[in-house]
Amino acid sequence: MSAEERLVSADAGGPDEQVIEAALRPKRLDDFIGQQRVREQLSLVLHSALRRGRTPDHVLLSGGPGLGKTTLAMIIAAELGKPLRITSGPAIERAGDLAAVLSTLSEGEVLFLDEIHRMARPAEEMLYMAMEDFRVDVVVGKGPGATAIPLDIAPFTLVGATTRAGMLPGPLRDRFGFVAHMDFYEPAELEVIVKRSARLLDVRITDGGAAEVADRSRGTPRIANRLLRRVRDYAEVRADGVITRELARDALTLYEVDERGLDRLDRAVLTSLLRKFGGGPVGLSTLAVSVGEEPETVEVVAEPFLVRQGLLARTPRGRIATPAAWAHLGLTPPPTAPMAGTLFDLGDAVEEGAGKGAGKGAEQGDDQDSVIS
Ligand SMILES: Nc1ncnc2c1ncn2[C@@H]1O[C@H](COP(=O)(O)OP(=O)(O)OP(=O)(O)O)[C@@H](O)[C@H]1O
Ligand SMILES: [Mg+2]
């Protein structure tokens, strides 16, 4: 099962979903829900620039998929009243690709560079100069005869987006005047988002219904909007179209998304860890075989959210369930069950040090923080 097929995947879906997402995007900063601090800071950056009649500092939006980076980029252009040019890291394979974009920007235009961490290295150098001096050197010719022709470009605002801020080279990160870290949303914020989307989709929903959808959305607006649409389908076919708490609960039970937003795979991994391995520790590949999945699938698709939820811990000895995992599945831990937080609680420092040496019996997956997104 690929991550994209999951109802609870935070990644963007196919073209159909993208059309709906576009329709649900807030257009102005005031309509953007949650991320209070980012919103306030950004508002200051933009409005002070407007007042001074200058282009604002370049903005870096960093955060997981589906948290609103693209939405904010569009809002920035709208607030500035300037056109928006959209490109992405993977589209820029050579410096020339970037030069072509930069040299055709109009004064004050907002350039949205999505997945900026995936841009080609040579283009990065060019971007540094463009960001700082609004100038690029276009290299003409090859070898010893090559010459660099400086080219002025119109002052612009770069909005970079990345799900991997850690992968950005320092010099690039430093050239952004404002870095916005987007966090997961609180249930109360997601509830407001769900109600707003319901209004736009012409769906009737009660407060309880919205809260139920919000609670199962993993802190992510994209997932909230997707669950809302599935619950709407259910409400239209099985009921009178109104989404109440009970209906949302029934619908999401049918779609196998539980109260904490765990789906079938998440629950299978957790159930196996508890029932077959007494809560662990168990190695990643053994755990994966026990649920009939590839280790990568378990590690990349299921585990990050389980870890984030504090249901599972990755230790040098293998995967361990936390007390919360037993509670969530309504199971009683055996008296001897080792649990993270008690017997085998190895702090991060120990984990790192021990991970290398204790590698023999423990089949360790990649326990880097980067996969715990
Ligand atoms: N703060 C918000 N208020 C209301 N809706 C939001 C908010 N943030 C995101 N959304 C909705 O969630 C969906 C996904 O948002 P968006 O495309 O901006 O995420 P993203 O961070 O760019 O994701 P990716 O990393 O996959 O590009 C959009 O439909 C958008 O309308
Ligand atoms: Mg995006």
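What percentage of the 373 residues in the chain is buried? The figure is 38%. By buried I mean that 20 or more other C-beta atoms lie within 10 Å of the residue's own; exposed means 12 or fewer, partly exposed is in between, and C-beta atoms are placed from the backbone.

Some housekeeping. This is a predicted model: local features need pLDDT of at least 70, side-chain atom pairs count only at pLDDT 80 or more, and totals for chains, interfaces and linings use all residues. Residues are numbered from 1 along each chain as its sequence is written, while chains are lettered from A and ligands numbered from 1 in the order in which they are written.

Now the overall picture. The chain has 15 helices and nine strands. Those are DSSP runs, numbered from the N terminus: helices are H or I with at least four residues, strands are E with at least two. Take the contacts between residues at least 6 apart in sequence: 69% of them join residues at least 24 apart. Two residues are in contact if their C-beta atoms, placed from the backbone, lie within 7 Å.

Next, ligand 1. Its shell holds 22 residues. The closest are Glu-21, Gly-68, Lys-69, Thr-70 and Thr-71. To count as near, a residue needs its C-beta atom, placed from the backbone, within 6 Å of the molecule or strand.

What does the record say? An unreviewed UniProt entry places the feature "binding site" at a set of residues including Leu-24, Arg-25, Lys-69, Thr-71 and Arg-222. The feature is also placed at Thr-70, again from an unreviewed entry. Positions follow the numbering used here, feature names are shortened, and annotations may be inferred rather than shown by experiment.

Three of these residues in turn. Lys-69 lies in helix α3, residues 69-80. Lys-69 has 24 C-beta neighbours inside 10 Å, so it counts as buried. Beyond four places in sequence, Lys-69 touches Leu-61, Gly-63, Ala-161 and Met-182.

Thr-70 is also found in helix α3. With 20 other C-beta atoms within 10 Å, Thr-70 is buried. Its contacts, leaving aside neighbours within four places in sequence, are Asp-114 and Ala-161.

Arg-25 sits in the loop between α1 (15-24) and α2 (36-52). Is Arg-25 buried or partly exposed? Partly exposed, because 18 other C-beta atoms lie within 10 Å. Not counting residues up to four places away in sequence, Arg-25 touches Thr-71 and Met-74.

On to a helix pair. Helix α8 (residues 207-215) packs against helix α10 (residues 245-254) at an angle of about 30°, with axes 7 Å apart. Axes are lines fitted to C-alpha atoms, for helices over the stretch in contact, and angles run from 0 to 180 degrees between N-to-C directions. So α8 and α10 are roughly parallel to each other. The cut-offs: under 35 degrees is roughly parallel, over 145 roughly antiparallel, 65 to 115 roughly perpendicular, and the rest oblique.

Who makes the contact between α8 and α10? From α8, it is Gly-208, Gly-209, Ala-211, Glu-212 and Val-213; from α10, Arg-245, Leu-247, Ala-248 and Arg-249. These residues divide into four nonpolar, two polar and three charged. Within α8, the buried residues are Gly-209, Ala-210, Glu-212, Val-213 and Ala-214. Their cover includes α7 (187-200), α9 and α10.

Last, the backbone. The peptide bond from Gly-280 to Pro-281 is cis, with omega near 5°. Pro-281 is found in the loop between α11 (264-275) and α12 (284-290).

Arg-218 has a phi near 60°, a positive value in a residue other than glycine. Arg-218 falls in the loop between α8 and α9. With 25 C-beta neighbours inside 10 Å, Arg-218 is buried.

Gln-35 has a positive phi too, near 50°. Gln-35 belongs to the loop between α1 and α2, and is buried, with 21 other C-beta atoms within 10 Å.

Note on methods: Ala, Val, Leu, Ile, Met, Phe, Trp, Tyr, Cys and Pro count as nonpolar, Asp, Glu, Lys and Arg as charged, and the others, Gly among them, as polar.
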